[in-house]
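These notebook entries record what I looked up in one structure. The structure itself comes before the entries.

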Amino acid sequence: MEINNISGKKCSCGRVHQIPIEDVIIEEAALAQAAALLKDITKEQKIYLIVDQNTKKEAGAELKEELLKADFKVEEILLKKREEDDHLVPEPGALYKIIEKIEHDGYILACGSGSINDLTAYAAHKMQLPYSIFATAPSMDGYASSVSSITVDGVKKTYNTTPPELIIADLNILKAAPWKMIQSGLGDLLGKVSSLLEWKLGVAIFDEYFCQEAYDLVENVLNDLINNSGKIIAREKEGLEILTKGLIYSGVSMMMVGSSRPASGSEHHISHFLDMYAGIFKKSVPTHGIKVGTAALISTNFYLKLLKTDFSDLELEHNRGVREKEIKEAYLDKVEGILELLDERWEHDLITKEDLLAAEKEIKSNIREFKDYLKSVETILDAFGFFEREDLKNLNRDWLRKSVNHSFELRFRYTISTLLRQAGLLEEWGDQALAELDDNLLLLSK
């Protein structure tokens, strides 16, 4: 994958983007190349191989054999999920297990996807050690990212990390990944429909930093995804390569701009809020990409409605007392950190009606450019079987409604949910979007 064309050159945005990833390999039989690739990149003889029970079975055991054949010494670090979870959660307990096992006498190789990738990236960054990732599923966009999401006290927080030196993806293994993992990757990538519009919303209202090259990188893979969704459903080599490349390029875009702005907006905030409630109440929720894809249906619904709205009819309200009261009701024992974030963002977010009217033409032009993407989200989710998933049908209705109404408080980031809250429309439009989602999901009320 030619990422070197980006790194070290002055961009049209004025910055010089540094992409420290040495190489990305997405090929059939890439597992057999892993040992040789590592020998080219490190002189260490010991490999710390990080797996969980699933990824060990899917690729880790075979990967370990290949490394041993190449005369590496392999120390396996096996991470186990908590009893109350149906998948490994990237939380401090798992992080500490990695850190306590690793010495400065070897090289770190993660074998897995979302949680393992986030945990390994964070641990390696803290220990100032290089690492590589062997991807086992096209399930999320964090492989090339310079940030990791770690769940701390039930709240998913984003931390700066160091990207991997190598990303290795074996198409034979990716094609055999559980369907829910492929669905998850699709959902995460499809969420870029709204996250890219969120970025341009911030540019239109606040003149935020913007990089056209990073934006184009994500839009191009999004376009490939939408045009080739059938090949992904059929698990064709080309389709899985498109999905995996798209997820990796999404991570590269975040690395370019130094934040998750190109790849995370209100759809991700809804997902993170649900994760928070799952941690508080010790209940499981669908995986990250499943939640993001579902939330993308809600956020795209918001943008299509906003396109038809006359901004001169909007009246903005900034009532801090009401916001604080709602935060205390929605965020339960996590309220302190959210109120601190409100302190940081309050002045920044105080836009006037004049600000909004001045940005109306640009905002609506951006939405029109994305209208086909916005309308395709529901069709693609349906084609990928999202609305047949039992975990979505059984997702707690009250949690989902609260996530739509309050998740914008989770991050210092202006999104369409922030705007709708200020305009007094978030609850109404949110209920309408959830009613439409019900029609697809047959969501069971709790």
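**Entry 1: Lys364**

I began with Lys364, which counts as buried at 10% relative accessibility; here buried means under 20% relative accessible area, exposed over 50% and partly exposed in between, with a 1.4 Å probe and protein chains only. The model is predicted, and I note that local features need pLDDT of at least 70, side-chain atom pairs count only at pLDDT 80 or more, and totals for chains, interfaces and linings use all residues. Residues are numbered from 1 along each chain as its sequence is written, and side-chain values use heavy atoms, with hydrogens and water left out.

I located Lys364 in helix H15, residues 353-369. Helices (H or I, at least four residues) and strands (E, at least two) are DSSP runs, numbered from the N terminus. The Lys364 side chain makes a polar contact of 2.9 Å with the side chain of Glu360. A polar contact is a pair of N or O atoms within 3.5 Å; within protein, one must be able to donate a hydrogen and the other to accept it, and residues adjacent in sequence count only if both atoms are side-chain atoms. Leaving aside residues up to four places away in sequence, I listed Leu306, Leu307, Thr309, Asp310 and Phe311 as touched by Lys364, where contact means heavy atoms within 4.5 Å.

**Entry 2: Glu267**

Is Glu267 buried or exposed? I found Glu267 buried, its relative accessible area being 0%. The residue lies in helix H11, residues 266-281. Its side chain is joined to that of Ser194 by a polar contact of 2.5 Å, and a polar atom of the Glu267 side chain lies 2.7 Å from the backbone nitrogen of Gly265. Not counting residues up to four places away in sequence, Glu267 touches Gly191, Ser194, Ser195, Val292, Ala295, Ala296 and Ser299. I also took the C-alpha to C-alpha distance from Glu267 to Glu436, which is 16 Å for a sequence separation of 169 residues.

Glu27 lies in strand S1, residues 23-27, and counts as partly exposed at 36% relative accessibility. I recorded a polar contact of 2.9 Å between the side chains of Glu27 and Gln33. With residues up to four places away in sequence left out, Glu27 touches Gln33, Ala169, Asp170 and Leu171. Its C-alpha atom is 31 Å from that of Gly265, 238 residues apart along the chain.

Ile19 lies in the segment before S1 and is buried, with a relative accessible area of 6%.

**Entry 3: aromatic rings**

How many aromatic pairs does the structure hold? I counted 13 aromatic pairs. Rings of Phe, Tyr and Trp (its six-membered ring) pair if their centres lie within 6.5 Å; planes under 30 degrees apart count as stacked, over 60 as edge-to-face and the rest as tilted. The Phe210 and Tyr215 rings have centres 5.4 Å apart and planes at 55 degrees, so this pair is tilted. Ring pairs link Trp199, Phe210, Tyr215, Phe370 and Tyr373 into a cluster. Tyr215 is buried, with a relative accessible area of 3%.

I then looked for charges over rings, that is, NZ of Lys or CZ of Arg within 6 Å of the ring centre and within 35 degrees of the ring normal. Lys200 lies over the face of Tyr215, at 4.4 Å from the ring centre. Arg15 lies over the face of Tyr209, at 3.5 Å from the ring centre.

**Entry 4: positive phi**

Most residues other than glycine have a negative phi. Gln128, not a glycine, has a positive phi of about 55 degrees. Gln128 is found in the loop between helix H4 (114-127) and strand S5 (131-135), and counts as exposed at 73% relative accessibility. Leu332 also has a positive phi, near 50 degrees. Leu332 is in the loop between helix H13 (320-330) and helix H14 (335-345), and is partly exposed at 33% relative accessibility.
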